[in-house]
Amino acid sequence: MRIGLLGFGVVGRGLYELTQTRSDMQVVKVVCLEDVTLPDAQVTRNFQDILEDDSIDTVVEAMGGLHPAYEFVRAAMEAGKHIVTSNKALVASFYDELIPLAQEKGLMFRCTAAVGGGIGWLSEVERSRRAQTITRVGGIMNGTCNYILDSMTRLGLTYADALSQAQALGYAEANPSTDVEGIDTWHKVILSSNIAFGISLNTDTVPVAGISRIGAEDVARFTEKGYVCKLISTGKRTEDGFSVYVQPTLVKAGEPESAVPSNYNLITLVGNTSDRMSFFGQGAGRYPTAYNVLQDCIDLLSGKGFYSPYGEKVSAVNSGKLRYYVRGCADGSLADVAAESWEGAIITAPVSVEAMHLWLKEHPEAFIAAIAE
Ligand code: HSE
């Protein structure tokens with residue numbers, strides 16, 4: 001395998017290092033905007049150098065972001081090159097174009113590192129769906145949010161201090177609002193659901209609420225009541241369709257998610273045969289993420305392309321009802337559904353996920369957290 005590598009940051013450099021001792025693959029060219037010299041690979045600022053090199057059969061995209069990653073990946077596919085990417089935003093956003101294009105052109109396309117970093121998550125979803133019906137996917141998919149919530153809960157840090165630490169440790173995306181507003185998790189659960197259920201979700205129908213408005217007073221209340229707040233993604237089959245959403249969630253102390261420390265991920269799959277399987281590990285970082293990029297390259301060598309066939313376009317149906325903790329509903333608009341009062345916040349009677357997220361759009365200053373079923 002002769003690899004053209006796009007990006008030489010955290011993940012790209014990690015992959016380059018991991019390929020050094022292998023005889024079955026070689027990084028031959030690297031697109032990088034910084035001055036880097038490598039003993040055995042040409043470093044260029046010009047993507048055309050990879051695109052026009054017929055000896056390169058595989059492009060590994062480790063740039064992140066949508067543009068120009070999308071244009072480069074698409075052009076590489078048009079030129080007949082196989083793709084490995086760790087870019088969840090790219091694959092979730094352009095699923096409808098990239099996956100059919102790969103299938104039409106007979107190209108291999110894999111993106112295991114896009115969800116769960118170094119965890120063998122998407123590759124196990126792929127194996128799992130061969131043998132059973134997957135009924136549910138989701139969990140803790142963002143290390144930055146988990147680090148912030150864990151630091152606030154266990155160490156009493158403020159939100160701002162915990163976010164600064166997560167940034168200093170390199171967990172956060174270039175724009176941390178992608179993490180704390182739940183967008184990174186949103187990309188990951190959309191991609192996981194598409195692969196697990198063999199569908200293509202209409203992304204506009206998947207609601208997301210993040211953690212940026214959580215305060216120390218919320219965390220203190222949760223602790224007092226025996227709950228831990230986590231940013232949880234859900235993708236599940238229901239009688240009405242596929243229900244997919246991302247939201248802060250109050251988990252009972254003692255549940256596995258409540259104990260996930262620091263920046264770790266805990267992602268769960270439920271199947272009609274296996275029942276629950278959970279995957280715990282490093283959802284980010286150079287070597288964990290590069291490990292799964294390398295695994296995808298090895299899969300390509302054995303002819304393994306995308307995880308599941310491209311499926312029908314569906315809208316999420318989020319009519320299932322949950323109880324919610326809501327702080328910041330002073331205008332009385334939730335009076336009809338308020339079931340309990342928690343000093344400055346309310347607990348609602350069960351309301352649909354869809355209705356709660358619509359309410360939140362009208363009240364962006366509020367903080368909501370679902371109470372786990
Ligand atoms: N910013 C992401 C996280 C990196 O914190 O999990 C991995 O996708």
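Predicted model: local features only at pLDDT ≥ 70, side-chain atom pairs only at ≥ 80, totals over all residues.
Q: Okay, which residues surround the ligand?
A: The ligand is surrounded by Lys88, Asn142, Gly143, Thr144, Tyr171, Ala172, Glu173, Asp179, Asp184, Lys188, Gly283 and Ala284, where being near means that a heavy atom of the residue lies within 4 Å of the molecule.

Q: How many of the shell residues are nonpolar, polar or charged?
A: The shell has three nonpolar, four polar and five charged residues; here Ala, Val, Leu, Ile, Met, Phe, Trp, Tyr, Cys and Pro count as nonpolar, Asp, Glu, Lys and Arg as charged, and the others, Gly among them, as polar.

Q: And which atoms of glycine 143 and aspartate 179 lie by the ligand?
A: A backbone N or O atom of glycine 143 lies 2.8 Å from a ligand oxygen, and an N or O atom in the side chain of aspartate 179 is 2.7 Å from a ligand nitrogen. A polar contact is a pair of N or O atoms within 3.5 Å; within protein, one must be able to donate a hydrogen and the other to accept it, and residues adjacent in sequence count only if both atoms are side-chain atoms.

Q: What about tyrosine 171?
A: A polar backbone atom of tyrosine 171 is 2.9 Å from a nitrogen atom of the ligand.

Q: How much of the ligand does the protein cover?
A: The protein covers 91% of the 260 Å² of accessible area that the ligand has on its own, with areas taken from the Shrake-Rupley method with a 1.4 Å probe, and for residues only the protein chains shown count as cover.

Q: Which elements give two or more residues to that shell?
A: Those elements are α7 (143-155) and α10 (183-197); helices (H or I, at least four residues) and strands (E, at least two) are DSSP runs, numbered from the N terminus.

Q: Switching topic, where does glutamine 132 lie, and is it buried or exposed?
A: Glutamine 132 lies in the loop between α6 (122-131) and β7 (134-140), and it is buried because its relative accessible area is 13%, given that buried means under 20%, exposed over 50% and partly exposed in between (1.4 Å probe, protein chains only).

Q: What does the side chain of glutamine 132 reach?
A: The side chain of glutamine 132 reaches the backbone nitrogen of serine 274 at 2.8 Å, and a polar atom of that side chain lies 3.4 Å from the backbone nitrogen of asparagine 272.

Q: And phenylalanine 367, where is that?
A: Phenylalanine 367 lies in strand β19 (residues 367-371) and counts as buried because its relative accessibility is 2%. Its C-alpha atom is separated by 5.3 Å from that of arginine 327, 40 residues apart along the chain.

Q: Which peptide bond is cis?
A: The bond from histidine 67 to proline 68 is cis, with omega near 10°, and proline 68 is found in the loop between β4 (58-61) and α3 (69-78).

Q: What is the phi of glutamate 343, and is the residue buried or exposed?
A: Glutamate 343 has a positive phi of about 30° although it is not a glycine, and with a relative accessible area of 56% it is exposed. Most residues other than glycine have a negative phi, and most peptide bonds are trans.

How values were computed:
Residues numbered from 1 in each chain as written. Heavy atoms only, no water.
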